[in-house]
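Open the model in your viewer and keep the selection panel at hand. The stops below go from one chain to its contacts with another.

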Amino acid sequence: MQFKHMLLALAALAAIGCNKNTPEETAGLKEGSYVGTVTVNSTSGDVFDNENIEVSFTPSEDGKTATLVMYQIKFTPRMPMTLDVTIPEVSLSTEGQDIKLECAEVVPLAMGGPFPNYTVTDLTGKISGDELTFSLNFGATPTSFSGSIKK
Amino acid sequence: MILNAFILSAIVLASEPVKPAIDTLQESHVTALKEALPLSRTAVSATTLRQEVLNQTGTYRPQALSAQMPGLYIPDYGASLTSTIYLRGLGSRMENPVMGLYIDGIPILDKNTYDMDWEALRSATLLRGPQGTLYGRNAMGGVLALSSLSPFDYARPVVSLEAGVAPTATKPGLILRASAHYTTGANVFSLTYRHSDGFFYNAYKETNCDPYDGLSARWKWEKPASENLFLSNVLMLGLNQEGGFAYGQVADGKRQDPAYNDEAGYKRLSLIDGFRVRYRSDKYTLDATTSLQLLSDDMHMDQDYMPVSIFTLEQRQRSAAFTAEAILRNIVSDNWHPSTGLFAFYKFNNLFAPVTFKRDGIQALMLDNANKNIPKDIGYLEIGDNTMPVNSDFLIGTWNVALFHESVFELDKWILTAGLRLDYEGARMDYDCMARLHYRFVPTMTADKPLDVPYKGAVNHGKVVLLPKVSALYEASDHFKFFGTVSKGYRAGGFNTQIFSDILQNITMTALMKDLGVYLDRPAVSVGAGNTEYAPEEAWNFETGFRYHKGDFKASAALYALTVKNQQLTAFPPGKSTGRMMVNAARSRSLGAEAELSWTPGNWNFSATYSFTDARFVSYNDGNETYDGNRIPYVPAHTLHINAGYDWKLTSSTTLKLNTSLQGTGPFAWNEANTLEEPFTLRWNARAALEVSRKWEISLRGENLMNTSSNVFYFKSMGNEFLAAGKPLTLMAGITYYLTNI
């Protein structure tokens, strides 16, 4: 029960943490999928690229937030598996023609539930035309994505 | 002591009550064989056991024919659906048989019904070598033709009862066999009931594995409707309920007692009706045969065969088949005997084969495999169910149509035969499978999540084969004949339904991980439904032999060479797999020799049969290893049967009939690598019967009198090895009563 309460608290914190700016201009955004490279800077100093990774972008109905799902990524080359990781409640705002993405801290979802070991912090990024780029920390692991819309 | 004196064996020509009639095209009625001329004038290796011999040797089931007919091995293990048959180096433990079975001319399509109790048989004839031209599918190793008593045999009504025990069994129980047949008018009725408390002890359940109760009945009706028209109908019913699967795990190279915890047994209801018409005119003879074959059975198996809750299998079949055949024999001249035939069948089978993974199996086969690939700091997978059903429902339709012709020419001392069969067989399997479970990933999931994994689809195949045959027989004298034959046979292909438990297990784990958003780098090792099809097996046979018959002495011998393409073999996928599958070995060959003799001087009778088989892979790689040159598993290198009998007339109305035999098979290689072998073993059987006033017969019969310990079968499940033991010493006492005088 204690563990369950802790997860619920983390989820609530995540929801509060990211949802700050809500410009009306982001209403009506469409969802899309982007394919590109995830670069993981491991704590040992190694840089590891995940090629051809798909990331889906799904805005909420009011356009205030979005959910990012990174499909089949690895955090180290030694990982014997890949994971789908969902980052919820990413704040959206506009900057000129671009859509800004921001999230100070949120617990991602993976393997069927919240995954606090890889809590996302300092997520920043943008959608510019057909390009999506963002960077974040998965726990202590700096990670970035750069990709183009999937055709 | 008296029995010990008779170590040589006998095939006693039936003296009464039935006149033997084994040749084809009898004047009065239709027969089980399709050959245009009597077997004595046909270029084929054949063995016939008549009613009295079948009775003397206790041959009431197909397994008892092993070695009595050279090169034939039908191990007695498993349950009644098993019917594994090896003949001339050909055979496999599952799916289509290598030997066609005909009962009164009706082709028995389902191997699950091969093992039935025989009663009121007039004869059993085995034609060895491919008989594809006349008999088609599955007659690749040969054809066993059983001929039941006809009303025109005027057999005396009889009732008999035989009861006994296997005294050396761990838990000896009652063995009983009761039978009767009765002829009235155009009808012959026969009935057999067999009971056994079992031979093999389940050390875990502390009871015998293999009790048996079975009832079989036959009604045969034959009548000439006119001078030209002869009608025949035979209806066979079989009903049995039994245990079985007495498989003991191999530990330190030795077979242990069977010890498993889950249900194992088999129930079967079969109904076969065959209707035959023969029309004869001055210009031709037309034989038409149709049959309807219904089967309903249900098998339960503790498939890990251990006292752990890993997984169980049920296999329930509801099948119906219809066959039709017409053979036209034109009467052209005394020297030319052409036969042209058309054959077709359709079989529908609804096979329900759920596998239930139990707690130990879920842990060992699924969770351990998955979790070893997941880093511990991420978490682990848990399945909350104590049992996980994997349901597999198959609808399998099989159809076959064939056109064949064979011409026999009699040219002075030569009899030449040439024939060809065009045979098409197709099949379609619709599969509808579903695995259902509740899982949780710890620590990310706080509650179990239900997951249904459906797997549906259909696969089909079809194949045309040409089955030619040429042969020549030279009648050197009235007594001595030589023959040579070249012929081709095939065994039908099919679908591996038994591998679906492996397929579903892997698909379920893949679906579960996908549902979790986890993808293991190592792909699951498994086949898909598309890979479950296996191809027909085809064999060419080159054979030569001779036959000698003078007075009361008969001898025959044959040499053969078989080349086999796509030999069907049972394979076990590597690792802790749960299924087994039929695979097509690239090429193999079988070389062999067979010999028979019988001699019936006065009241004595002697007979002996022997076969040598050298069956080897020419080219076979199972994906991991190459087995070129190795012996083909399960094939006995030698079969030997020696029989001797003496009818001792004590008084004018009392005869003591003594009979004894030795039955030997082996050595066997149990695996493709030939690293496990079973030596040649001999079993000693004997019978003594006192016939009184030609109305009563009191008998004592013993099987495996030396209580020879041997293994008759080997297999692997989940990487563990198992052996099935041969039946122990069995002693039977019987009484037979003929209801009427001669």
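Which residue in β33(B) does Ala561(B) stand opposite? Select Ala561(B) and look across to β33(B): the residue there is Leu591(B). This is a predicted model, in which local features need pLDDT of at least 70 and side-chain atom pairs count only at pLDDT 80 or more, while totals for chains, interfaces and linings use all residues. Residues are numbered from 1 along each chain as its sequence is written, and chains are lettered from A and ligands numbered from 1 in the order in which they are written.

Now select residues 581-599 of chain B, which are strand β33. This strand runs antiparallel to β32(B), and 18 bridges join them. Strands here are DSSP runs (E, at least two residues) and helices are runs of H or I (at least four), numbered from the N terminus; two strands pair if DSSP finds at least two bridges between them.

Tyr548(B) has Ala555(B) as its bridge partner in β32(B). Two residues lie between the strands of this hairpin, and Gly551(B) in the turn has a positive phi of about 60 degrees.

Move on to chain A, where 16 residues are in contact with 16 residues of chain B (C-beta atoms, placed from the backbone, within 7 Å). On the side of chain A that touches chain B, α1 (2-18), β4 (81-95) and β7 (113-114) each give two or more residues, and β4(A) gives the most, with four.

Finally, select β4(A) with β29(B) (residues 518-520): three bridges join these antiparallel strands. Met81(A) stands opposite Leu520(B).

Terms used
Two residues are in contact if their C-beta atoms, placed from the backbone, lie within 7 Å.
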